[in-house]
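The structure is shown first.

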Amino acid sequence: MVLGGGEADGTGCALSGRDAAMDAALGALYGGAAGGSRSRRAAGERSAGLGGSAPNVARWLGDIRTYFPSSVVQVMQRDAIERLDLSTLLLEPEMLEAVQPDVHLVGTLLSLNKALPETTRETARAVVRKVVEQLEKKLASRTRATLTGALDRCARISRPRHHDIDWDRTIRANLKNYLPEYRTVVPERLIGYGRSAQSVKKEVILCIDQSGSMAASVVYASVFGAVLASMRSIATRLVVFDTAVVDLTDQLDDPVDVLFGTQLGGGTDINRALAYCQSKITRPADTVVVLISDLYEGGIRNEMLKRVAAMKGAGTQFVTLLALSDEGAPAYDREHAAALSALGAPAFACTPDLFPEVMAAALEKRPLPVP
């Protein structure tokens with residue numbers, strides 16, 4: 001798309017009014033001066049037209065929200081933070097109030113968590129809470145409905161009511177009773193879905209890599225963890241790790257507290273995290289462990305694989321998500337992913353919309369809906 005600009009960019013058509021304002025907003029971020037990026041910044045030159053002050057950036061943020069749709073604003077905000085080194089300006093309350101909240105902004109704020117001054121901390125929490133509430137509103141109902149259905153189906157009964165009959169399993173169980181002359185199966189034995197009681201039926205352990213590259217996944221996983229924890233029939237544990245392991249289960253009633261309890265960045269010791277999770281499993285056959293990590297392991301690789309094999313051997317369902325986000329194909333350790341797949345624990349990226357189906361399949365011990 002050509003909007004024009006200085007000397008009409010050779011088009012002979014100068015811009016005015018709203019078009020000129022849109023071009024100025026784009027030029028401030030993506031204009032020729034921004035093209036110098038890192039090398040020019042290293043030389044101490046200006047890299048774009050936003051200036052170095054929060055008021056200038058705040059005005060620009062207001063402009064792009066006026067001229068562009070929400071999805072475009074989020075992309076431009078993300079590019080501004082990356083291209084123009086504006087992370088430090090997020091430490092100012094005025095700047096945060098001007099930004100449109102989204103998952104990527106939350107990830108940036110979490111990476112700055114320890115550096116946030118007191119004057120900014122409450123504003124930052126308000127921004128994070130707004131995003132979390134939006135995600136909960138979008139994801140919670142479908143997640144609860146999908147998993148409740150899965151838990152109901154886990155409770156098989158032999159004398160089901162008509163609407164509770166599992167026809168697929170019933171037909172397979174009665175194939176020996178096929179009558180060729182009538183071309184039908186006589187269902188001597190009915191198999192049906194039970195209705196799960198309110199007591200705990202399954203245990204879920206979310207084990208989340210909090211390295212910097214997993215920021216969006218941490219946000220989504222925290223929201224899903226809070227949703228799972230609200231279901232009485234699922235006992236949910238949430239564990240985050242880098243080279244250390246932190247159990248945030250007691251904060252699951254408020255995902256904002258969970259997110260501010262994480263520290264994005266640092267190394268990765270998956271083996272240590274899995275050792276902790278393994279120690280918390282009391283009912284292996286009724287437990288699902290979800291490892292959310294790019295699998296770049298800084299710990300003991302062979303021990304990590306042995307732990308996964310041991311958990312699966314005991315009957316635990318093990319799911320490896322390379323990412324839990326809408327960001328597309330992630331970077332990950334392909335060797336470790338292949339090794340886990342060989343153990344029967346396929347590693348794949350998962351969008352938030354698919355996560356309820358993945359969890360339902362794991363709870364029912366059926367093949368996972370790998371994209």
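The secondary structure of this protein comprises 14 helices and 10 strands. The model is predicted. Of its 371 residues, 46% are buried. The accessible surface amounts to about 17,700 Å², and carbon and sulfur atoms account for 51% of that surface. Considering contacts between residues at least 6 apart in sequence, 74% connect residues at least 24 apart.

One instance of helix packing may be examined in detail. Two packed helices are described by the angle between their axes and the distance between the axes. For helix α6 (residues 103-111) and helix α9 (residues 215-229), the angle is about 105° and the axes lie 8 Å apart. With angles of 65 to 115 degrees counting as roughly perpendicular, α6 is therefore roughly perpendicular to α9. On the α6 side, the contact is made by Val103, Val106, Gly107 and Leu110; α9 contributes Ala215, Ala216, Val219 and Tyr220.

Attention now turns to charged side chains. Side chains of opposite charge can pair when their charged atoms come close. With a salt bridge taken as a side-chain nitrogen of Lys or Arg within 4 Å of a carboxyl oxygen of Asp or Glu, the count comes to 12 salt bridges.

One of these joins aspartate 247 and arginine 237, with an N to O distance of 2.5 Å. Aspartate 247 belongs to strand β7 (residues 245-247) and arginine 237 to strand β6 (residues 234-241), so the pair ties together parts that are 10 residues apart in sequence. Both partners are partly exposed: aspartate 247 has a relative accessible area of 24%, and arginine 237 has 25%.

A salt bridge also forms between aspartate 269 and arginine 272, whose closest N and O atoms are 4.0 Å apart. Here aspartate 269 is buried, at 16% relative accessible area, whereas arginine 272 is partly exposed, at 47%.

Arginine 301 and glutamate 335 meet in a further salt bridge, at 3.7 Å from N to O. This pair links distant parts of the chain, 34 residues apart: arginine 301 lies in helix α12 (residues 301-313) and glutamate 335 in helix α13 (residues 334-342). Arginine 301 is partly exposed, with a relative accessible area of 26%, while glutamate 335 is exposed, with 54%. Elsewhere, salt bridges with shared partners join Lys202, Glu203, Arg283 and Asp286 into one network.

The surface also carries a nonpolar patch, formed by Trp167, Ile171 and Leu175, which together have about 300 Å² of accessible area. Tryptophan 167 is located in helix α8 (residues 167-173) and is partly exposed, with a relative accessible area of 42%.

Conventions
Residues are numbered from 1 along each chain as its sequence is written. This is a predicted model: local features need pLDDT of at least 70, side-chain atom pairs count only at pLDDT 80 or more; totals for chains, interfaces and linings use all residues. Side-chain values use heavy atoms; hydrogens and water are left out. Patches are made of residues with over 30% relative accessible area and no salt bridge: like charges are joined within 9 Å, nonpolar side chains (Val, Leu, Ile, Met, Phe, Trp, Tyr) within 5 Å. Accessible areas come from the Shrake-Rupley method with a 1.4 Å probe; for residues, only the protein chains shown count as cover. Helices (H or I, at least four residues) and strands (E, at least two) are DSSP runs, numbered from the N terminus. Buried means under 20% relative accessible area, exposed over 50%, partly exposed in between (1.4 Å probe, protein chains only). Axes are lines fitted to C-alpha atoms, for helices over the stretch in contact, and angles run from 0 to 180 degrees between N-to-C directions. Angles under 35 degrees count as roughly parallel, over 145 as roughly antiparallel, 65 to 115 as roughly perpendicular and the rest as oblique. Contact means heavy atoms within 4.5 Å.
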